[in-house]
Amino acid sequence: MNGKYELVDGECAGPDGIHGTSDDFTVPYWYLTNLQDDPEYLLTNPKKGQSSTMLDDPNRSSKGFEIIFKKTMAKRWQLFLSYTYGISRGNTQYPLFVTLGTDPNKFTFAANQKLYCWGEPHHLRIQGSVILPLDINFGFIGSYMSGLPEAASSFNVKTPRSPYTFMQVKPYGEHKNPDRKDISINLEKSFNFGQRKMLTVMINVDNPFNWDTVSRLYYYGDLWKKIQNIKAPRNYHLSARFWF
Ligand SMILES: [Ca+2]
């Protein structure tokens, strides 16, 4: 545990991944100045100040709550509503936690800032059905989730040792993925034939409004803000079931 570090400016190549262009910016980087002498670190229950790599006490806390409203089927309709809020803050989380004590850069955007957060703090769900005239069942499922926070990283941070250092270059949550809305609706109608025969016809439409096609972006290297995931566009599903 005899590593000696000096805080220097790392030069991040920015979203284009190329040094020397207008989107470059600097990031704080702990530079190991005695590389030859430095042994492997082994820390148990690491604490702030225990070594030159421990800039803060590890901490994390999670909070959340959920509110639910249910209306059971009566007078031909039913409804379920829920709102969930949950958030984690702190300076450690896998995989960072397992590497604490090896490199003070693990704390670069976490120490004393408590900006680390993970998850989708706002999650709203709705589900219900109404029996329309002619006994046609109309059902719907919808949800809204606020965008997942990201830790922007770059492979191209130029430091005194290398032009290709990989590290987190922005605080967690400074960049977020798009919010997501999902909705699915269906209609269902049954026809009875005699006492024990029934035909049920169903039509289901997912994402009828083509909402929020982009669900996740990249936040590292030269893939910065390029699309990582999209979700399925509007699609229809027609089916029939015959009971006998
Ligand atoms: Ca650049």
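## Terms and basis of the model

Two strands are said to pair if DSSP finds at least two bridges between them. Strands are DSSP runs of E with at least two residues, numbered from the N terminus.

The structure described here is a predicted model, in which local features need pLDDT of at least 70, side-chain atom pairs count only at pLDDT 80 or more, and totals for chains, interfaces and linings use all residues. Residues are numbered from 1 along each chain as its sequence is written.

An open sheet is built from seven strands, arranged in the order 3-4-5-6-11-12-15 with antiparallel pairing. Its edges are formed by strand 3 (60-74) and strand 15 (235-243), each of which pairs on one side only. From one strand to the next, the twist averages 10 degrees; axes are lines fitted to C-alpha atoms, and angles run from 0 to 180 degrees between N-to-C directions.

Strand 6 covers residues 136-145 and strand 11 covers residues 180-193; nine bridges pair them in the antiparallel sense. Ser143 has Asp182, in strand 11, as its bridge partner.

Four strands form an open sheet in the order 2-1-8-9, and here the pairing is antiparallel. Strand 2 (25-32) and strand 9 (165-168) are the edge strands, each pairing on one side only. The twist in this sheet averages 50 degrees from one strand to the next.

Strand 1 (residues 5-12) and strand 8 (residues 153-158) run antiparallel and are joined by two bridges. Opposite Cys12 stands Val157, in strand 8.
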